[in-house]
Structures are given as C-alpha cells and as structure tokens.
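Me: I've got a model open and I'd like to learn how to read it. Can you walk me through it?

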Amino acid sequence: VLSPVQQAILLGLSLQRKSIEDLMAEFNLQSNQVLAMFNKAIRKLTQIFNKLEEDVISEKLALPKSVESGLSNKIEESLDDELENEAKVVYKELDQKQKQLLESLTDGKLEEYAISGSEKQWRDNLKAAGKNAPANVSIKTGKKRSLPNPTEEQPRKKPKWNNKSPGKKNSSKK
C-alpha cells in the first residue's frame, strides 16, 4: 500500500528517530518533498485503520439475512419520487389555506377594484396608441365612482417634516 520511499520515511522518523534534514540527505530530496511523502503515508494509514474499524462495527451491528431481504422488498419508490409526491400534497394544502384566508379577508368586496372594459376595448385602445403607448390608459365605461362621505373623513394631521415654526432658527449650530 505504501511506496518504498514512504515506508523508509516512516521508519526513519519513527523507529530510527532521524530528523527531516537527515532524511533529506539520505534520499536527496527537499524538505517539502519529504514532509509531503510523510503526510501521504499517514493519510493512507489513517484510511486503512478507519476501514478496519468500520468493518468491525458493521459486523457487530449486522442485521440478520431475513430482515435485510424484507427491507429491500418494502422500498417501492425512489426518494426523489417520494419527496415530489409529498411536495405536491403540501402545496395543495397551502393553496387551500391561502384561498380560505383570501376569502375570509375580502368577503367578496374585490368587485369594486375590478378593471372594467372588454378585451376588444383594451386591444383597440392599445393599438391606437401604437409604439408611443402612454403609461396610463383609460377606457370610458359610463360609470362614476362615488366619493366617500366628507363627514366621515378624519381631519388630516400636519406632516412631521413641517413642524418647525418659521420664526425660530436651528439652535443646534454652535
């Protein structure tokens, strides 16, 4: 598993207690090369020990053959299919809740905000404007909106930005 140079570096550093400089001289390598080889060797050994440990644990936790065969038969659809199906169910529930909420909030009062005019009226009005279509388009319907009763209207407050009196100067300047 380890190359001969990696084996020699491991032996030299561990059992023979040689320094990096001694190994550099023996193998005619630079220090960064010796350290890189040592690092690769340690990583390979770590992988081997982790694999051994996983094998021992999996043997201890191994399921009986009858249970394993029963589990594989019960899986009918892939995880992605199952997630997609559940997402559809959740989206349907959310749509129903949103519709119920909208209906409870509006109580059927949205008709007053409906845009009037037929498709033909809109098409004709937009064609007449051509490329120089205005930002606002109006279609005459013959209906007039009623204004709210002025007695019910609340008195307007002064805007906050206009609270300064004209005779006073700003005293924060020093």
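Me: Which residues does Q6 touch, not counting residues up to four places away in sequence?

Reply: A contact means heavy atoms within 4.5 Å. Here, Q6 touches M37, K40, A41 and K44. Mind that this is a predicted model, where local features need pLDDT of at least 70, side-chain atom pairs count only at pLDDT 80 or more, and totals for chains, interfaces and linings use all residues. Residues are numbered from 1 along each chain as its sequence is written, and side-chain values use heavy atoms, leaving out hydrogens and water.

Me: Is Q6 buried or exposed?

Reply: Buried means under 20% relative accessible area, exposed over 50%, partly exposed in between (1.4 Å probe, protein chains only). Q6 has 4% relative accessibility, so it counts as buried. Of the chain's 174 residues, 6% count as buried.

Me: Where does Q6 lie?

Reply: Helices are DSSP runs of H or I, at least four residues, and strands are runs of E, at least two, numbered from the N terminus. Q6 sits in helix α1, residues 4–14. The whole chain comes to 6 helices and 0 strands.

Me: And F49, is that buried or exposed?

Reply: F49 counts as exposed because its relative accessible area is 53%. You'll find F49 in helix α3, residues 31–60.
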